[in-house]
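Trainee: Could we go through this one together? I'd like to start with a single residue and then step back to the whole chain.

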Amino acid sequence: MHLTRFLRFPQQSLAHLIDHYAKYPPTGLTMKRIVEFAREGDAKQSYLFLRNELPVRLASMMKEMGHLPPRLLEMPSVKTVNGWYGTSLTELHTFKELPATGDSVKKFTEVLQNIRKRHSTVIETLAQGYMEFSDQAAIKEYEESQIQYFLNRFYLSRISIRLLIYQHTMCFGEEVPIHPTHLGFVDPNCLVEEIIKDAFENAQFLCEGYYLTAPPLELRKINAVNAEEPIAIAYVPSHLYHIMFELFKNSMRATVEHAESKKISTPLPPVVVDVVKAKEDLTIRISDRGGGIPRSKADKIFRYMYSTAPRPVSLVDSQHSGPTPLAGFGYGLPISRLYARYFNGDLEIHSIDGYGTDAYIYLQAVEDQASEWLPICNRAA
Ligand code: ADP
Ligand code: MG
């Protein structure tokens, strides 16, 4: 069935649609609500919520995008991303007044799947635009902080949109969750240790491929709520994996390069991970002995594009030769912090210059305290 069959309303201009939807604030959810809805909700309810909520979240980001420096907006990659957002918003809008029949819900689910595919390389594509922009001419300081501020909000919004889409297509569509006990994209009983080990092994594989060596893992855990039980919370496994993978790559690179610079040939010091679950927080600390970060650089490490590694060939085109580098785009820490903050957690880095770094990941162990952290737009614009 073609989409135009659903176009019963006069097509409005895109600018009008953006203005319309961006007027509304997003409706934030909690992990508890998401889990309950995955268990008890149905496709129609989900449709009725999302056909409004998704356009609201997309439109507010498009509106913000419009305030970026004009020269950045002219970058082909930025235009591409803008175009994807426009297409998706227009597609979603066609469902605005459609009754929740089986047919329209089915079509809606297909549209969501397409949107997810269309937007799958948003991070890299926008990053490419920012990189080209910064290569063209020196970025002014106010532009830089404006872009950094925008990217945080934009990528955060994208994380939220993807989660909502996955929850619909996996819980109520034909897409199956990665694991039978998962509720869509969410695991109500996410085994933290498994994810840590998995992320570590994959980072280690990359590290060995690039440096021919990698530090070992030392994992220590305490379940302060119930010592007998494995450590688990309701969480999005892929989010936790992403955070851990990025932090491990950073720690491994630092450990190997620091040892090389000191001409230490003895076994590399381990990356030590402490996982503690208490009543409120789940805390993961990753400690490395990779020489640390001087305080003069500490406020830069969460900036997009800040990296002390040589820049890899291309972000979008992965057809480069040689081993995959562990670092260089400067997106690891800022994106990981967004994932951590998204459900009311956080990510902090504390360093001892000349010695090593501790990364702290804080996650909410209480499901109804884990509420979506969303960019709320400034509606004065
Ligand atoms: P990238 O890894 O692509 O450089 P990140 O955002 O992951 O980007 O990290 C930014 C920078 O922060 C790194 O280039 C490095 O200089 C510094 N850094 C991050 N983690 C560590 C660490 N564990 N030890 C030392 N330096 C670190
Ligand atoms: Mg990194």
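Trainee: So, which helix does S251 lie in?

Mentor: S251 lies in helix α10, which covers residues 237–261; helices here are DSSP runs of H or I with at least four residues, strands are E runs of at least two, and both are numbered from the N terminus. This is a predicted model, in which local features need pLDDT of at least 70 and side-chain atom pairs count only at pLDDT 80 or more, while totals for chains, interfaces and linings use all residues. Residues are numbered from 1 along each chain as its sequence is written, and side-chain values use heavy atoms, with hydrogens and water left out.

Trainee: Is S251 buried or exposed?

Mentor: S251 is buried, because its relative accessible area is 4%, and buried means under 20%, exposed over 50% and partly exposed in between, with a 1.4 Å probe and protein chains only.

Trainee: And what is S251 in contact with, leaving aside neighbours within four places in sequence?

Mentor: With those set aside, S251 is in contact with V271, I286 and D288, where contact means heavy atoms within 4.5 Å.

Trainee: Stepping back, how many helices and strands does the protein chain have?

Mentor: The secondary structure of the protein chain comes to twelve helices and seven strands, and buried residues make up 50% of its 381 residues.

Trainee: What does the C-alpha trace span along its principal axes?

Mentor: For the protein chain, that trace spans about 70 × 55 × 40 Å along those axes.

Terms used. Chains lettered and ligands numbered in written order.
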